[in-house]
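The sequence and structure come first.

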Amino acid sequence: MYSELGLITNSILIGIMISFVAVTSPTVFKTLDSKNSQKFLRFIFPRLFNFCTIISAFTVFMFYLGEFFFGTVSSIAVTMAFLINTYVLTPKINEMRDLSLAGDTRAKKSFKNLHLASVVLYLFNILCAIFVIIIFYTF
């Protein structure tokens, strides 16, 4: 029963992450100007990452109680990646973006690299969560 609850919360997490990529982000860039899209994204990303951290931490707990080792370890990795994105990368990305907009060319390159790292972690989380479902039903 606990593993099944973990699968439900894991699936909710996947839905949230994919809907943000498929719906929210494109809509922001199509409807808001640069200044307002920047304000919105700086507001929403930490909240998105924190919300996903809570869901993935709950998923860890459910998989642990259900003795689904792979799900537990994978969900711990996802939780840690969200924490890194929230508290390490996002503040640095915002700082480098501000410096880049002020004309600092080195900050522009740092911004691109940090943003890429954030996107890679986010994609890792999606793939990892999907893989948990595949493993659960395969083995």
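Q: Which residues line the largest cavity?
A: Asn10, Leu13, Ser56, Thr59, Ser74, Ser75, Val78, Ala129 and Val132 line the largest cavity. Lining residues have an atom within 4 Å of a cavity point, and a cavity is a set of points, on a 1 Å grid over the protein atoms alone, where a 1.4 Å probe fits but cannot get out. The model is predicted: local features need pLDDT of at least 70, side-chain atom pairs count only at pLDDT 80 or more, and totals for chains, interfaces and linings use all residues. Residues are numbered from 1 along each chain as its sequence is written, and side-chain values use heavy atoms, with hydrogens and water left out.

Q: What is the volume of the largest cavity?
A: The largest cavity has about 30 Å³, where volume is the space filled by probe spheres set on the grid points, joined across faces, edges and corners. The search of the whole structure finds one cavity of 30 Å³ or more.

Q: How many residues of the lining are nonpolar, polar or charged?
A: The lining divides into four nonpolar, five polar and no charged residues. Ala, Val, Leu, Ile, Met, Phe, Trp, Tyr, Cys and Pro count as nonpolar, Asp, Glu, Lys and Arg as charged, and the others, Gly among them, as polar.

Q: Which helix gives the most to this lining?
A: Helix 3 does, with three residues; a helix here is a DSSP run of H or I, at least four residues, numbered from the N terminus.

Q: What makes arginine 42 and aspartate 98 a salt bridge?
A: The term requires a side-chain nitrogen of Lys or Arg within 4 Å of a carboxyl oxygen of Asp or Glu. The closest N and O atoms of arginine 42 and aspartate 98 are 2.6 Å apart, so the pair qualifies. Arginine 42 lies in helix 2 and aspartate 98 in helix 3, so the bridge ties together parts 56 residues apart in sequence.

Q: Why is arginine 42 called partly exposed?
A: Buried means under 20% relative accessible area, exposed over 50%, and partly exposed in between (1.4 Å probe, protein chains only). Arginine 42 has 27% relative accessibility, so the residue counts as partly exposed. Aspartate 98, at 36%, is also partly exposed.

Q: Where do lysine 92 and glutamate 95 lie?
A: Both lie in helix 3, three residues apart, about one turn of the helix.

Conventions
Helix = DSSP H or I, 4+ residues; strand = E, 2+ residues; numbered from the N terminus. 1 Å grid on protein atoms, 1.4 Å probe; cavity = no way out; pocket = protein on both sides within 12 Å on 5 of 7 lines; lining within 4 Å.
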